[in-house]
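The sequence and structure are shown first.

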Amino acid sequence: MLKHIKTSSDRLVNKRRKCDNCGTVGVIEKRITRIYGHGKEALVIENIPVIVCPNFGASYLEAKTLDEIDRNKLYSKSFARQRAIDVAVFAC
Ligand SMILES: [Zn+2]
């Protein structure tokens, strides 16, 4: 099971595009950052396109996006650049 965390977003409304699930026109296209895996194996993928339905606010990734994420995970050694980031652990 994938662990993912939404860490950022910016959105734009596509007034012509229909929701793949219910056909409502005017979906919101967002770009998000997700983290797959954890610890030393964690892979951060930025700028992932997400479609949000204006009807119920349900969001989904397109099949081509999922394929690209799989490709990034599979070939992260050649695709990914190493970058130092701050990581906080939620203490409860
Ligand atoms: Zn919908």
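## Helix 1

The model is predicted. In this model, helix 1 spans residues 63-74 and comprises twelve residues. Its first and last C-alpha atoms lie 16 Å apart, close to the 16 Å expected at 1.5 Å a residue. Helix 1 is hardly covered, since the count of buried residues among its twelve residues is zero.

## Overall architecture

The protein chain contains two helices and four strands, arranged along the sequence in the pattern β-β-β-β-α-α. The C-alpha trace spans about 40 × 35 × 25 Å along its principal axes.

Of the 92 residues in the protein chain, 3% are buried. Among contacts in the protein chain with a separation of 6 or more, 45% are made by residues 24 or more positions apart.

## Pairing of strands 2 and 3

Strand 2 (residues 25-36) pairs with strand 3 (residues 43-52) in the antiparallel sense, and eight bridges connect the two.

Strands 2 and 3 form a hairpin with six residues between them. The turn of this hairpin includes glycine 37, which has a positive phi of about 75°.

## Pairing of strands 3 and 4

Strand 3 also pairs with strand 4 in the antiparallel sense, over two bridges. Valine 52 stands opposite serine 59 in strand 4.

These two strands form a hairpin as well, with six residues between them. Glycine 57 lies in the turn and has a positive phi of about 80°.

Serine 59 belongs to strand 4, which covers residues 59-60. Is serine 59 buried, exposed or partly exposed? Serine 59 is partly exposed because 14 other C-beta atoms lie within 10 Å, a count that falls between the limit of 12 or fewer for an exposed residue and that of 20 or more for a buried one.

With neighbours within four places in sequence left aside, serine 59 is in contact with Val50, Ile51 and Val52. As for glutamine 82, a separation of 23 residues in sequence from serine 59 corresponds to 29 Å in space, C-alpha to C-alpha.

Notes: Residues numbered from 1 in each chain as written. Predicted model: local features only at pLDDT ≥ 70, side-chain atom pairs only at ≥ 80, totals over all residues. Pairing = 2+ DSSP bridges. Expected span 1.5 Å × (residues − 1). Contact = placed C-beta atoms within 7 Å.
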